[in-house]
Amino acid sequence: MTEPAVLHTTSDHVLSVTLNRPESLNALTPGQREEVIRLLADASATAEVRAVVITGAGRGFCSGADLRGAGVPGERLAGDVARTLRTGAQRLIAAVLDCEKPVIAAVNGTAAGLGAHLAFACDLVLAAESARFVEVFVRRGLVPDGGGAYLLPRLVGPQRAKELMFFGDALTAPDAERFGLVNRVVPDEELRKTARAWAERLAAGPTRALALTKQLVNASLDTDRATAFAAEAAAQEINMTTADAREGVRSFVERRGAEFGGR
């Protein structure tokens with residue numbers, strides 16, 4: 001039997017998602033994209049899942065959207081391209097940013113185009129030494145999509161983002177770490193083990209506090225100080241109603257390690 005194009009398992013509160021088309025360096029089909037979106041939405045709504053890892057099978061993380069069936073651009077109705085992006089690639093990136101659980105990218109090889117943006121949208125990015133990140137759009141005469149012009153300036157600043165997008169050169173994993181696009185570079189054989197260790201640590205943490213922290217940090221890049229401060233106060237108010245917050249305070253008073261249940 002043919003294996004599914006997206007593999008997923010949940011164990012110890014960690015959802016592992018693997019893009020599984022290694023023969024195409026995991027070029028993303030519409031079906032795969034929709035499955036990943038569904039899995040991330042389910043992760044938000046499932047108490048059993050407290051952290052997510054996304055990786056790729058074989059030598060590539062994700063080489064971008066699969067354009068083999070698209071053909072040469074021909075006559076289109078006005079709005080077709082924008083509509084396709086809104087309902088496709090942009091929904092995928094939004095699903096990662098909006099997921100209520102921490103999402104780790106374990107980049108095991110080439111991450112190009114939409115694949116690079118999928119990684120950059122994740123909360124934490126681990127890269128194998130062999131990983132490469134490529135803003136490939138300019139090589140095809142295209143404008144960056146899939147949230148690239150939103151994500152990159154926020155991660156590396158506008159000038160560095162333009163350098164990456166104007167030239168489309170492959171960025172090595174160490175250079176990506178130096179630019180601030182990657183949290184850590186590890187030997188290829190250590191990538192899955194490290195990603196798993198990070199995910200398990202997150203899964204043992206205060207899940208609602210992490211979700212609210214993610215929302216605050218993401219929103220802070222698009223707002224003013226007064227709004228950010230108000231959001232912070234509201235988030236803390238909400239979080240103090242959780243069992244994990246009560247456990248955290250109690251463990252401090254009792255001088256012991258906290259045991260968070262994710263609620």
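# Helix 6 pair

R160 has a relative accessible area of 31%, so this residue is partly exposed. Here buried means under 20% relative accessible area, exposed means over 50%, and partly exposed lies in between (1.4 Å probe, protein chains only). E163, with a relative accessible area of 37%, is also partly exposed. The two side chains meet in a salt bridge, 3.4 Å from N to O. The term denotes a side-chain nitrogen of Lys or Arg within 4 Å of a carboxyl oxygen of Asp or Glu. E163 and R160 are three residues apart, about one turn, in helix 6 (residues 158-167). Helices (H or I, at least four residues) and strands (E, at least two) are DSSP runs numbered from the N terminus.

The model is predicted: local features need pLDDT of at least 70, side-chain atom pairs count only at pLDDT 80 or more, and totals for chains, interfaces and linings use all residues. Residues are numbered from 1 along each chain as its sequence is written, and side-chain values use heavy atoms, with hydrogens and water left out.

# Other salt bridges

The structure holds 17 salt bridges in total. One of them joins R154 and D222, whose closest N and O atoms are 2.5 Å apart. R154 belongs to helix 5 (residues 148-156), while D222 sits in the loop between helix 9 (207-220) and helix 10 (225-239), so the pair ties together parts that are 68 residues apart in sequence. R154 is partly exposed at a relative accessible area of 34%, and D222 is partly exposed at 44% relative accessibility.

R21 forms a salt bridge with E23, and the closest N and O atoms are 4.0 Å apart. R21 is buried, because its relative accessible area is 11%. E23 counts as exposed, at 64% relative accessibility.

# Negative surface patch

E129, D188, E189 and E190 gather in a patch of negative charge on the surface. A patch of this kind is made of residues with over 30% relative accessible area and no salt bridge, with like charges joined within 9 Å. Asp and Glu count as negative and Lys and Arg as positive; His and the chain ends are not counted. The place of a charge is taken as CG of Asp or CD of Glu. Accessible areas come from the Shrake-Rupley method with a 1.4 Å probe.

E189 counts as exposed, at 64% relative accessibility.

Methods
Patches are made of residues with over 30% relative accessible area and no salt bridge: like charges are joined within 9 Å, nonpolar side chains (Val, Leu, Ile, Met, Phe, Trp, Tyr) within 5 Å.
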